[in-house]
Amino acid sequence: MPGTYPHPKTNTQAGEEIMAVKNLEEKLKSASNPVEMLRNSQIGAYVYPVVPAEFTNWRDEQAAWRKTAVLFDQSHHMAEIMLEGPDALKLIGRLGINSIENFPVNRAKQFVPVSYSGHVIGDVILFRLAEEQFLMVGRAPTVNWVQFHAETGGYNLTFDRDDRSPSRPMGKPVVRRRYRYQVQGPNAWKILEKLNGGPIPEIKFFNMGEINIGKRRVRCLRHGMSGAPGLELWGPYEEGEEVRAAILEAGAEFGIVPVGSRAYATNTLESGWIPSPLPAVYTDPEMKAYREWLPADSYEATGSIGGSFVSERIEDYYVTPYELGYGPFVKFDHDFIGREALEKIAGQPQRKKVTFAWNADDVAKVFRSMMEPGIENYKYIDLPLSNYASANYDAVMKNGKTVGFSMFSGYSFNERSMLSLGTVDPDIQVGDVLTLVWGEPEANGGSQKTTVERHKQLEIRVKVAPVPYSRDARENYAESWRTKQGV
């Protein structure tokens with residue numbers, strides 16, 4: 001097994017600029033305010049690496065996960081860390097809100113670590129591949145936090161980190177440890193059984209098994225990003241093209257569509273996962289050593305905050321597991337970082353995760369402003385994914401008071417609607433019409449992020465809707481965090 005990986009340089013869009021400061025802690029000390037630093041980050045637009053933006057067009061690719069079947073290529077945009085050894089499960093229990101009881105081999109979990117103050121750092125999918133072997137797959141903040149403790153906590157384990165592919169490889173070859181695909185949609189199971197050469201033995205939701213694909217025996221996870229049963233598949237990267245070709249050949253008669261990076265990211269608008277809350281690492285005194293460990297070009301040091309909500313307190317951007325729908329994961333049957341803080345709020349009313357459906361007439365005003373010379377424009381709404389920062393916080397208002405955040409926005413061709421995911425106060429109900437403030441404060445026409453043109457703000461009416469928004473997803477998902485949203 002490879003040795004330890006060097007310090008994370010996970011935000012590959014940060015460039016090769018040599019910085020005077022060496023780590024996140026030094027960078028925060030040199031900034032006037034963490035919020036100002038992140039709101040004016042120069043990192044630029046987020047780029048999904050390697051996978052083409054579109055294979056056909058993003059509208060048809062969105063429609064395919066509802067009507068036929070799709071192939072998602074997840075091989076490049078996520079970081080991975082493999083943990084092996086007698087103390088691997090001990091480390092996982094120390095860092096995660098999840099229980100580690102009843103976690104057998106060939107099972108997976110949505111793993112969520114929090115800070116000492118009980119606020120979310122991130123989340124990953126955690127696979128138990130063998131008795132002492134665990135693989136975490138997801139965004140950089142959680143992988144960074146786990147690597148820090150694996151390096152510094154005195155645990156008897158080894159780890160191997162494989163970072164996301166570079167957003168701009170500039171012609172250089174890209175190689176990962178593993179390919180990772182998903183076959184999803186109403187026809188997914190027919191395709192998978194054809195590949196397997198017969199019926200697939202029953203695999204329960206978020207359990208693992210194996211199927212045949214061509215000459216390969218491929219490990220798989222039962223998943224359902226589109227509401228219908230599907231599988232996530234992975235194996236050695238050098239076998240990826242062979243497996244991909246076999247999937248597309250088998251799926252041709254069932255209408256399989258490869259999905260590009262433009263459409264891929266919008267699937268969560270219908271299925272209900274908020275991918276990128278701000279990691280709660282910037283202020284807690286107990287996390288100073290971690291901030292000193294994080295390099296100055298890490299995700300946390302170079303990322304950005306965008307949106308109409310502005311506060312001088314970085315803590316106002318932190319969210320708890322309950323706000324993101326992870327309440328069912330919180331188990332006080334083990335000692336984990338943040339347990340004491342979460343115990344204090346466990347029985348209290350919490351903000352809750354919802355979908356916002358945007359008013360079509362108000363959205364049209366944004367686009368019309370771009371077609372009328374001589375008038376001020378509103379903040380551009382990019383399609384199909386409309387985020388323009390690493391972490392997005394648009395204020396959602398009721399009677400002039402902020403009652404929640406819109407945190408991940410985009411367009412669903414399936415629903416013919418702009419949608420966003422976010423959190424609202426506990427007294428807000430499904431069906432309520434609220435006001436989303438789109439664009440950044442008008443005093444300066446927006447922040448200095450490279451993704452922000454000068455613009456004025458617009459109030460957009462939004463209707464509160466369930467999570468997941470897709471009826472198929474709500475009715476067909478296994479009982480999980482996505483279906484346990486009480487609103």
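1. Ground rules. This is a predicted model, in which local features need pLDDT of at least 70, side-chain atom pairs count only at pLDDT 80 or more, and totals for chains, interfaces and linings use all residues. Residues are numbered from 1 along each chain as its sequence is written, and side-chain values use heavy atoms, with hydrogens and water left out.

2. Helix α7. Helices here are DSSP runs (H or I, at least four residues) and strands are E runs of at least two, both numbered from the N terminus. Helix α7 has 12 residues (240-251), and at 1.5 Å a residue it should span 16 Å, which agrees with the 16 Å between its end C-alpha atoms. The expected span is 1.5 Å times one less than the number of residues.

3. Which residues of α7 are buried? They are Gly-240, Val-243, Arg-244, Ala-246, Ile-247, Ala-250 and Gly-251. These cover an arc of only 160° around the axis, so they lie on the same side of α7; the arc is that of the directions from the helix axis to the C-beta atoms. Glu-241 and Glu-249, on the other side, are exposed. Buried means under 20% relative accessible area, exposed over 50%, and partly exposed in between (1.4 Å probe, protein chains only).

4. The structure holds 28 salt bridges, each a side-chain nitrogen of Lys or Arg within 4 Å of a carboxyl oxygen of Asp or Glu. In one of them, Arg-291 pairs with Glu-25, with the closest N and O atoms 2.6 Å apart. This pair links distant parts of the chain, as Arg-291 is in helix α10 (288-293) and Glu-25 in helix α1 (24-30), 266 residues apart. Arg-291 counts as buried because its relative accessibility is 4%, and Glu-25 is also buried, at 9%.

5. Glu-440 and Lys-449 form a salt bridge (2.7 Å, N to O). Glu-440 is buried at 0% relative accessible area, and Lys-449 is buried at 3%. Elsewhere, salt bridges with shared partners join Glu-80, Arg-178, Arg-180 and Glu-232 into one network.

6. Glu-210 is partly exposed at 40% relative accessibility, as is Arg-217 at 48%.
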